[in-house]
Amino acid sequence: MVCALACSGLAGRAEAGREPVLKQVDLPHSYYWRELYLPQLTTGPSSASFTPDGSALIYSMGGSLWRQVIESNEAVELTHPRASYDYQPDVAREGSSVVFSRYNGAGIELWRLDLLTGAEQQLTSGSAVNVEPRLSPDGTRIVWVSTKGTGHFNLSIADIGPAGLRNVRPLLGPRRSKISRYYYSAWDHSINPSWSPDGKRILYVSNPEVAWGTGDIWSVAVANTKDRRKVLGEETSWSARPETSPDGKLVLFASYHGRQWRQLWVTNPAGMAPLPLTFGEFDRWNARWSPDGQRIALISNERGNTSLVVHDFVGGAETPVVASRLQYKLPEARLTLNVRDEQGRSVPARVAVLGSDGRTAAPASSWMHGDDGFDRALQSIETHYFDCFSPCTVEVPAGDTNLWVQRGFRYLPWQQTLKLRAGAEQAVAVKLQLNDLPRSFGSFISADLHVHMNYGGHYRATPATLAGQARAEDLNVVYNLLVNKEERVPDIAYFKPGPDPESGDGALILHSQEYHTSYWGHLGLLGLRDHYLAPGYSAYQNSPLASAYPDNGAVADLAHAQGALVGYVHPFDDDPATDKTLTNELPADVANGKVDYMEIVGFSDHKSTAAVWYRLLNLGYQIPAGAGTDAMTNYADLRGPVGMNRVFLDTRGDTSPAGLLAALKAGRTFATNGPLLGLDVGGKHPGDTISMGGPGKLKFKIALRSPVRVDHLELVQDGHVVASYGQGAVQDVDAVGEVPIDHSGWLLLRAWNDGSDPHVLDIYPYATTSPIYVDLPGGVPPHPEDAAYFAHWLDRVIADASARKDYRTERERQATIDYLRKARDHFDGLSH
């Protein structure tokens, strides 16, 4: 069964079962390699190959292969598979066929299309990931990248003939690196293959003993794979795709080369120092030589979306290849959506359109985004969606078409199935239903505390596009956290205190920072008033900046000196006590008063993070709940959308940047990926403290408004559930009650599900308020088990940090260890 969130049968709750896209790939940090390496569904072109005479291109666009004469404006659709998407064409030198990769949700296989008859032939099977097919110059062999048998990206080679592939074999065997790597597998990869003009050698990218980036450009002899040599040392980023010119004299590749954007560079087969071929504050990549070596077909995101360009090697003139006329394989219809809110105003919204072909459709100018996971029991492929800036028009195959429209969390999802006639034009009015909290619980502003505008993805984002994404999600505030991607900081040019000039019309964009140190834990630095904290990272193993200093405590001091708030972001995926290699500094920073908030709802496991948070609350630390998606907004394969994880701030009328931070610091918040929560205890709201002269009872009232049904709605006191509501599958709740109080402590309201829900593009629905604190004579009672938990945690951190040999000075080492020991001794004292 092919499905998506637009399907009417998915209105109910789903059981647990959400898993990552292409889960068979055994590499860390899937959100990087999926976007930066694997083909993704885009409305614009994504890769191209010249026909033998150089007059036309065959390219991938919208998940189909198209043929277009370069000087024309008409494209002819060559493939249109059901519930699948086609990418990465490579045209045979004699022009009769093209090989390509096809994704169907289970894996990516290689296929071949006969350009004369239109017949399609599957070349690989087994649901591995098979990508980057390249035919040899004589058309008798094919090289590609496959995960089959290992889960890692390795080169495969085979003979190819009319019957398909023969003599399939690995080109290079698996190899384990001798150094440790954080963002990359311990096993080397080999990617980006291309043939030398004589068919004797293959260029590729690999990373033996390379800690950062995807490795260097290499060359290997096909007849003797022991004959391999490094062509060029380069910090590549998955998509260098080196290719030798037809005359064999130049090697063309894409690189950042220490800059913020990918451009085209050239070296030679001997590895001469490279020079840039193109320039600009945008990306050019996926470059292919024309058969005569005079032109280069490339993908560009100069205008935001992906586009196809032919670049003259001499002089640099560029010819856009724009398909204003499309010849589809299937009969099409035109669908226009007009989304309106409760007051009848046209508003932007997130939309998924699933056609009768089992594929997602979108307007030609829209950025397509794909979810990063899905439940295989409900869907055969992940959901794709786009932002509709109402009205929007989409071409979609005739037949039954499923629509899903959602705008943030204050509106209920809208769904409908239409039967579209071939050649028809149909307009659909979408009326969204408001389902907001009662105003008595607070005057809330929604904010995503953790977004990265540009981070190496398919699109070129700007503050204007970011603001548009926020408006489509009914999101009021976005904190764009500037952060390095290894040797560059993509959005550094946008850093400035205060609102970005593109703010307005309900969307406020604020540029802040994420401090990268995976050794101590990542930090969000919100509201820096003067400068970006450079270089923005420490403890980068196997690099000149391997020292673990500055630790997070020192970084927090630098940020606080600029008036910023400091928070721990995407903290934990499981119980930290089970991770014997954990060096996260959170307990020490909390004990030393450095932490202003935690992302309880973020790119981590919400329940595991909350369990650690509860232990800190039990010890008397008042830490507000924050939320951040960690969305890379220029990704096609997006963890998101923006605002998927958001915090609602009760600003009490002060919506200035300072007012937002004051509300967060005070804990006047609830964090959520869907459910909206209201909590009132004794007339107080989250962040407030109730002072009592002695034991007694407090009256409370709660509210839930949710776009999805919730399994558990619970009032939690000091980590224990004291009241629960709904007993499964509730969306709207208003309730009152009393809770007995006999000691100082805290109360909060939370909502959560046992498993995933297809309307929430996260691991499972979850929401929590910040605590309301209760103060009785005698103070917070002891919680020795919680204190011992953090003391043991810091024992492991101190042991590991003490054993490091890479501090720049003994003073830095000693300051770090003393800081940790001070916190450890504090927790040890609380445990007795």
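Glu 209 is partly exposed, with a relative accessible area of 31%. Its phi is near 55°, a positive value in a residue other than glycine, and Glu 209 lies in the loop between β15 and β16. The model is predicted. The protein chain has 8 helices and 55 strands, and buried residues make up 63% of its 832 residues.

**Backbone exceptions**

- Most residues other than glycine have a negative phi, and most peptide bonds are trans.
- Asn 192 is not a glycine, yet has a positive phi of about 60°.
- Asn 192 lies in strand β14 (residues 190-195) and is buried, with a relative accessible area of 1%.
- Ser 390 and Pro 391 are joined by a cis peptide bond with omega about 0°; Pro 391 is in the loop between β32 (384-388) and β33 (392-397).
- Another cis peptide bond, also with omega about 0°, joins Ala 534 and Pro 535. Pro 535 is in the loop between β40 and α3.

**Aromatic pairs**

- The structure holds 29 aromatic pairs.
- Trp 212 and Tyr 540 form one that is stacked, at 4.3 Å centre to centre and with 10° between the planes.
- This pair links distant parts of the chain, 328 residues apart: Trp 212 is in the loop between β15 (201-206) and β16 (216-221), and Tyr 540 is in the loop between β40 (523-526) and α3 (552-561).
- Trp 212 and Tyr 540 are both buried.
- Trp 367 and Tyr 459 also form a stacked aromatic pair, with 4.6 Å between centres and 15° between the planes.
- Trp 367 lies in the loop between β29 (360-361) and β30 (369-370), and Tyr 459 in the loop between β37 (444-452) and α2 (463-472), so the pair ties together parts that are 92 residues apart in sequence.
- Trp 367 and Tyr 459 are buried.
- Ring pairs link a cluster made up of Tyr 31, Tyr 32, Tyr 182, Tyr 183, Trp 212, Tyr 455, Tyr 537, Tyr 540 and Phe 603.

**Charges over rings**

- Arg 615 lies over the face of Tyr 789, 3.9 Å from the ring centre.
- Arg 646 has its charged end over the ring of Phe 409, at 4.2 Å from the centre of that ring.

**Helix α8**

- Helix α8 (residues 810-830) has 21 residues and reaches 30 Å from its first C-alpha to its last, close to the 30 Å expected at 1.5 Å a residue.
- Its buried residues are Glu 812, Thr 816, Ile 817, Tyr 819, Leu 820, Ala 823 and Phe 827.
- An α-helix has 3.6 residues a turn, so residues three or four places apart point the same way.
- The buried residues of α8 pack against α3, α4 (586-591) and α7 (784-803).
- Exposed residues Arg 811 and Lys 822 are carried on the face of α8 turned away from its buried side.

**Overall form**

- A compact globule of 832 residues would have a radius of gyration near 28 Å, and the protein chain agrees with 28 Å.
- Along the principal axes, the C-alpha atoms of the protein chain fill a box of roughly 90 × 70 × 45 Å.
- Of the contacts in the protein chain with a separation of 6 or more, 65% are between residues 24 or more positions apart.

Conventions: Residues numbered from 1 in each chain as written. Predicted model: local features only at pLDDT ≥ 70, side-chain atom pairs only at ≥ 80, totals over all residues. Heavy atoms only, no water. Phe/Tyr/Trp six-rings, centres within 6.5 Å; stacked < 30°, edge-to-face > 60°. Helix = DSSP H or I, 4+ residues; strand = E, 2+ residues; numbered from the N terminus. Buried < 20%, exposed > 50% of the residue type's maximum accessible area, 1.4 Å probe, protein only. Lys NZ or Arg CZ within 6 Å of the ring centre and 35° of its normal. Expected span 1.5 Å × (residues − 1). Contact = heavy atoms within 4.5 Å. Rg over C-alpha atoms; globule rule 2.2 N^0.38 Å.
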